[in-house]
Amino acid sequence: MTTPLIVLLVLVVFTILMTVKVIPQQTAYIMERLGKFYAVLQPGINFIIPFFDRIAYKYTLKETAIDIPEQICITRDNVQVRMDGVIFIQVIDPKKAAYGIADYTFAVIQLAQTTMRSEIGKLDLDKTFEERMTINRAVVESIDEAATGWGVKVLRYEIKNITPPQSVLIAMEKQMQAERERRAVILQSDGEKQAAINVAEGQKQKVVLESEGIKLRQINEAEGEAAALRSVAEATAESIRLVAQAIQMDGGSEAVQLKVAENYVEQFGKLAKAGNTLILPANLADMSSLIATALTVVKSEPKK
C-alpha cells in the first residue's frame with residue numbers, strides 16, 4: 001500500500017468522524033453553519049457537514065447548583081452581616097442561553113447578590129433570621145424574571161449562612177440570656193401563684209366539706225332522735241291501748257285495782273327509804289279509800 005493511499009484513507013476516516021456527532025442524554029449542542037445559528041442538536045446521532053458546520057456551544061439540560069459567594073449586606077438598622085447562598089438553575093432554551101447573554105452563570109450570580117443585598121436592606125437584623133423564606137422567594141422571583149431572556153429557569157434559592165459581627169453576636173447572646181432569666185422568673189412566680197391558689201382552694205374545699213359533714217351529722221342525729229321519740233311514743237300508745245283493752249275485759253277492773261295497790265305500796269316503801277323524815281297521810285290505815293282515790297283516773301266499766 002502506497003503512502004498516498006494511506007493518507008487518503010486517513011482523510012476519509014477523519015471526515016467521517018467529523019460528520020457524525022453523538023449527543024449524550026440531557027445535553028444540547030448549538031450548531032452553526034458558516035458562522036450562523038443553524039440548529040440545536042438533540043441527544044442521539046446527528047450528522048453535520050464538515051468545514052461548513054461547527055459545534056459552537058454545549059449545554060447540559062440538568063439542574064445545576066451554583067454557589068453564591070459570601071458578601072457583606074447592611075440591614076435596615078445599619079448592621080453589617082455576611083451572607084452566602086446557593087441557587088439552582090436549569091437551561092430550558094439552549095438557543096437563548098447561547099445568544100441571549102454572554103455568560104448566564106456569571107449573570108445569575110451577580111443578580112442573586114444584588115437582590116439579596118436589596119432584600120436584607122429592607123429588614124432589621126432580628127428579622128433576617130426569621131424571614132429566610134421571604135428572602136429566598138424574592139431572589140428567585142427577581143432572577144427568574146430577568147433570566148427568561150437567557151433561556152434559564154431559576155428553580156430555587158437557599159441562604160446558607162447569615163453571620164453578624166462578633167460584637168452583635170455577644171449582644172445577642174446577652175439578650176437571649178436575659179430573656180431566658182426573665183422567663184425563668186415568670187415561670188417561678190406563676191408556679192408560686194398557682195401553688196398559693198391551690199392551697200387556698202384546698203382550704204376552702206376542706207371548710208366546705210367539714211361544714212357539710214357537721215350538717216349531715218346533725219341531720220342524722222336529729223332524725224335518729226326523732227325516730228327514737230316516735231318509737232317510744234308508738235310503744236307507749238300501744239301499751240296504753242292494750243291496757244285499755246285489758247280493762248274492758250272481764251276481771252280487768254279488779255286487776256287494775258290490784259296493780260295500783262301494789263305500785264302504791266311499792267312506791268311508798270321506796271319513799272320511806274329515801275329520807276329520814278316521812279310524812280304519812282291521815283287515812284293511811286284506810287287502804288281501801290287510798291286505792292279508791294288512786295283509781296279515780298280509771299274509768300268505770302261501761303254499761304252493757
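Author: Two strands count as paired if DSSP finds at least two bridges between them. Helices (H or I, at least four residues) and strands (E, at least two) are DSSP runs, numbered from the N terminus. This is a predicted model, in which local features need pLDDT of at least 70 and side-chain atom pairs count only at pLDDT 80 or more, while totals for chains, interfaces and linings use all residues. Residues are numbered from 1 along each chain as its sequence is written, and side-chain values use heavy atoms, without hydrogens and water.

Reader: How many bridges join strand E7 to E8?

Author: Strand E7 covers residues 80–91 and runs antiparallel to E8. Within this pair, Ile89 stands opposite Val154 of E8. The number of bridges joining E7 to E8 is 10.

Reader: Which strands stand at the edges of the sheet, and why is one side of each left without a neighbour?

Author: The sheet is open, with three antiparallel strands in the order E6-E7-E8. Each edge strand has a single partner, so one side of it has no neighbour in the sheet. These strands are E6 (64–74) and E8 (152–163).

Reader: Which element has the lowest mean pLDDT?

Author: pLDDT is the predictor's confidence in each residue, from 0 to 100. The protein's mean is 81, and E7 has the highest mean among the elements, 92. The lowest, 58, belongs to helix H8.
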